Amino acid sequence: MSSQEDAPVDWAALRYTALSEELDEDQRWTTWRTVDRSSRGPEPWPRWLVTSQGALDTELGLLKTGKEADVFLLERAVPGAESCLLAAKRYRTAEHRLFHRASSYTEGRRGRDSRENRAVRLKSGFGRQIEASRWSQAEFATLKRLWTAGIRVPYPVQVDGGEVLMEFIGEGRGGRTAAPRLAQCDPDPDQLRWLWAQVVEGLIRFGALQLVHGDLSPFNVLVRGMDGAEPELVIIDVPQVLDLVSNPNGVDFLHRDCRTMAEWFVRRGLQVDAEVLLAEVLSAAW
Ligand SMILES: Nc1ncnc2c1ncn2[C@@H]1O[C@H](COP(=O)(O)OP(=O)(O)OP(=O)(O)O)[C@@H](O)[C@H]1O
Ligand SMILES: [Mg+2]
């Protein structure tokens, strides 16, 4: 036995290094370094993002309970130095979910590891965990792809198990109030035209990637800066995004997305046509 191992334990020093015991219930050490590089967002990392290993994540509250996931507001900060706000979308395991996304979304997606697929089918503990993290992995990968293509979605920060961390879309700069969903907004005629132009541009870019959102509605679109002349539209909730070409229901889902969005704008008094939008998106894809 070495003399080092015989040395008496310095409990005071240990307590000092075991700082995590003193974290509040709603705090944890940043998870930035505990995931590998492929589970982090596209580089270069944005300047506002706190990447320090000494940062703390503090949960500031629940933003919204959804059918499959809960979204929390998180602050990642090195106290006294730097901080940023993040949205943490946490998928529930299968038994806590209020509904299942239709398997028609995933038709045509190639199956991965058959051991995983078997576990999901058999609903083992391992299977349930995988099912929750499949949605988070799918959402993170899609956000990365969309972000990289210049589509306005929250910047994907990282994925860890069933949790996706992303840019928090706030109402104003640095504010802790979440941007409203389009469904809650009451745009004036100029804002309405401005917002529709962004819907068209966004969908054409999806089309150019041969992707379909698949659940696009005024509830899955956030609007930043409604108090100004040029509000910005941010598309969210993308785990079910599907392939326009290989998914046999691709065009039907796209058609539905176009109709849902156009109907909202028509109800607000803007004369737009879902069929024209569909044709534009399809021509961007082929
Ligand atoms: N990045 C974000 N920034 C700000 N708010 C967000 C963000 N992501 C999600 N939210 C809020 O959380 C809500 C739910 O998010 P999302 O639609 O992604 O989850 P969901 O589980 O599909 O919810 P639902 O079942 O209501 O559709 C959004 O409507 C929005 O209000
Ligand atoms: Mg949603």
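The protein chain has 7 helices and 10 strands. Those words follow DSSP: helices are H or I runs of at least four residues, strands are E runs of at least two, and both are numbered from the N terminus. This is a predicted model, in which local features need pLDDT of at least 70 and side-chain atom pairs count only at pLDDT 80 or more, while totals for chains, interfaces and linings use all residues. Residues are numbered from 1 along each chain as its sequence is written, with chains lettered from A and ligands numbered from 1 in the order in which they are written.

Let's start with some strands. β2 and β3 pair in the antiparallel sense over 8 bridges; for two strands to pair, DSSP has to find at least two bridges between them. A hairpin with 3 residues links β2 to β3, and L62 sits opposite F72 in β3. Moving along, β3 and β4 also run antiparallel, joined by 10 bridges. Here R76 stands opposite C84 in β4. The hairpin of β3 and β4 has 3 residues between the strands, and G80 in that hairpin takes a positive phi near 80 degrees.

Now for the ligand. Which residues are closest to ligand 1? They are G66, V71, A87, I169 and D237, out of 20 residues that surround ligand 1. Near, in this talk, says that a residue's C-beta atom, placed from the backbone, lies within 6 Å of the molecule or strand. β2 (56–65), β3 (69–78), β4 (82–91) and β6 (163–167) are the elements that each give two or more residues to this shell. By class, the shell has 11 nonpolar, 2 polar and 7 charged residues. For those classes, Ala, Val, Leu, Ile, Met, Phe, Trp, Tyr, Cys and Pro are nonpolar, Asp, Glu, Lys and Arg are charged, and the others, Gly among them, are polar. Domain 1 (3–167) and domain 2 (182–285) each supply at least three residues to the shell; the domain bounds come from an automatic or database assignment.

Let's pick out M166, which you can find in strand β6. Is M166 buried or exposed? M166 counts as buried because it has 23 C-beta neighbours inside 10 Å. The cut-offs are 20 or more other C-beta atoms within 10 Å for buried, 12 or fewer for exposed, and partly exposed in between, with C-beta atoms placed from the backbone. Beyond its neighbours within four places in sequence, M166 has contacts that include L86, A87 and P156; a contact needs C-beta atoms, placed from the backbone, within 7 Å. M166 and P156 are 10 residues apart in sequence, yet their C-alpha atoms are 4.5 Å apart.

On to the inside of the protein. Of the 286 residues in the chain, 30% count as buried. The largest nonpolar core has 55 residues, and L86 and V212 have the most contacts inside it. Such a core is a set of buried Ala, Val, Leu, Ile, Met, Phe, Trp, Tyr and Cys residues joined through C-beta atoms within 7 Å. Helix α6 (residues 250–267) gives the most to this core, with 7 residues. Leaving out residues up to four places away in sequence, V212 touches several others, including F253, L254 and D257.

One last stop: I236, in the loop between β9 (232–235) and β10 (242–243). I236 is buried too, because 21 C-beta neighbours lie inside 10 Å. Apart from residues up to four places away in sequence, I236 touches V153, P154, N220 and L222.

Conventions: Two residues are in contact if their C-beta atoms, placed from the backbone, lie within 7 Å.
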